[in-house]
Amino acid sequence: MTHLNAGDTIAPHQLAALSGDSVPVPDPGHLVHLELRRFAGCPVCNLHLRSVVVRNDELKAAGIREVVVFHSSADDLRKYQAELPFDVIPDPDRKLYAELGVEKTPRAILNPKAWGAIFKGLGRSIGATVRGNEHAPPVKPAGGSTGLPGDFLIDSDGRVIASKYGEHAYDQWTVDEVLALAKSAPADQAAAQPAASTGAEASAAEAPAEPSPPAASGGTQT
């Protein structure tokens, strides 16, 4: 798969969010932190996203819009991720993953560097399930459990400021890293206008283009 690197440009997308909103990427008024996560109910993803939720106000204050993609259906995501305070995008056919070069491989969960987060995430999810706060993680998640994460920070004209392709299931930017990358971007980037379409085909994760931007658990397996 081809990877996007700093300086590359992403074609304009209108992504269909779980909320029903159409989410522009790039966003003419914000930097976009586009996170490609794994499956709905993924304990490792939930562990990471909790750290994002508690600092979401900091990200907003820095002009960053969080957009989080899962290779799961909208119905599956409503069971697990509907309460996240940012845009959640279902992409069950992994078309956006293919476009951006975010892969899946057994090393996602076999890499020893992921094991601590896997056990911690499972423990957190099991505890929340026992307390009745969450559904149990799926036994056989749609799309499998070997997906890798990907992070992209995109300015308002579609230029990739930075990208990260995870080497295992818990290999992603921290909030501090996202904030530092945004701070290093040119000050005028958030006000720039979106680039014209390159003609790339819209993915199945996208909604039909709109003229104006939107207002925004069995056993256990990682």
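**View 1. Cys-42 and Cys-45 in the predicted model.** In this predicted model, Cys-42 is buried, and its relative accessible area is 0%. Cys-45 is likewise buried, with a relative accessible area of 0%.

**View 2. The hairpin of strands S1 and S2.** Strand S1 (residues 13–16) and S2 run antiparallel and are joined by four bridges. Within this pairing, Gln-14 has Pro-24 of S2 as its bridge partner. Five residues lie between the two strands of the hairpin, where Gly-20 adopts a positive phi near 100 degrees. Strand S2 (residues 22–25) is covered on both faces: Ser-22 and Pro-24 are buried on one side, and Val-23 and Val-25 are buried on the other.

**View 3. The open sheet of five strands.** The strands of this sheet follow the order S5-S4-S3-S6-S7, and their pairing is mixed. Strand S5 (87–90) and strand S7 (160–165) are the edge strands, each pairing on one side only. On average, neighbouring strands of the sheet are turned by 15 degrees against each other, direction ignored. Strands of a sheet pair through backbone hydrogen bonds, in either a parallel or an antiparallel manner. Here, strand S3 (residues 31–36) and strand S6 (residues 150–154) run antiparallel and are joined by five bridges. Val-32 stands opposite Ile-154 in S6. Helix H1 (residues 43–53) lies across S3 and strand S4 (64–70), and H1 runs at about 170 degrees to S4.

View 4. Side chains of opposite charge can pair when their charged atoms come close. The structure contains eight salt bridges. One of them joins the side chains of Arg-37 and Glu-35, at 3.6 Å from N to O; both of these residues are buried. Another salt bridge joins Arg-55 and Asp-176, whose closest N and O atoms are 2.8 Å apart. Because Arg-55 lies in the loop between H1 and helix H2 (56–61) and Asp-176 lies in helix H7 (residues 175–184), this pair ties together parts that are 121 residues apart in sequence. Arg-55 is partly exposed, with a relative accessible area of 23%, and Asp-176 is also partly exposed, at 48% relative accessibility.

View 5. Arg-65 forms a salt bridge with Asp-87, in which the closest N and O atoms are 2.8 Å apart. Arg-65 lies in strand S4 and Asp-87 in strand S5, so the pair ties together parts that are 22 residues apart in sequence. Both Arg-65 and Asp-87 are buried. A network of salt bridges links Asp-27, Arg-65 and Asp-87.

Technical notes
Residues are numbered from 1 along each chain as its sequence is written. This is a predicted model: local features need pLDDT of at least 70, side-chain atom pairs count only at pLDDT 80 or more; totals for chains, interfaces and linings use all residues. Side-chain values use heavy atoms; hydrogens and water are left out. Buried means under 20% relative accessible area, exposed over 50%, partly exposed in between (1.4 Å probe, protein chains only). Two strands pair if DSSP finds at least two bridges between them. Axes are lines fitted to C-alpha atoms, for helices over the stretch in contact, and angles run from 0 to 180 degrees between N-to-C directions. Contact means heavy atoms within 4.5 Å. A salt bridge is a side-chain nitrogen of Lys or Arg within 4 Å of a carboxyl oxygen of Asp or Glu.
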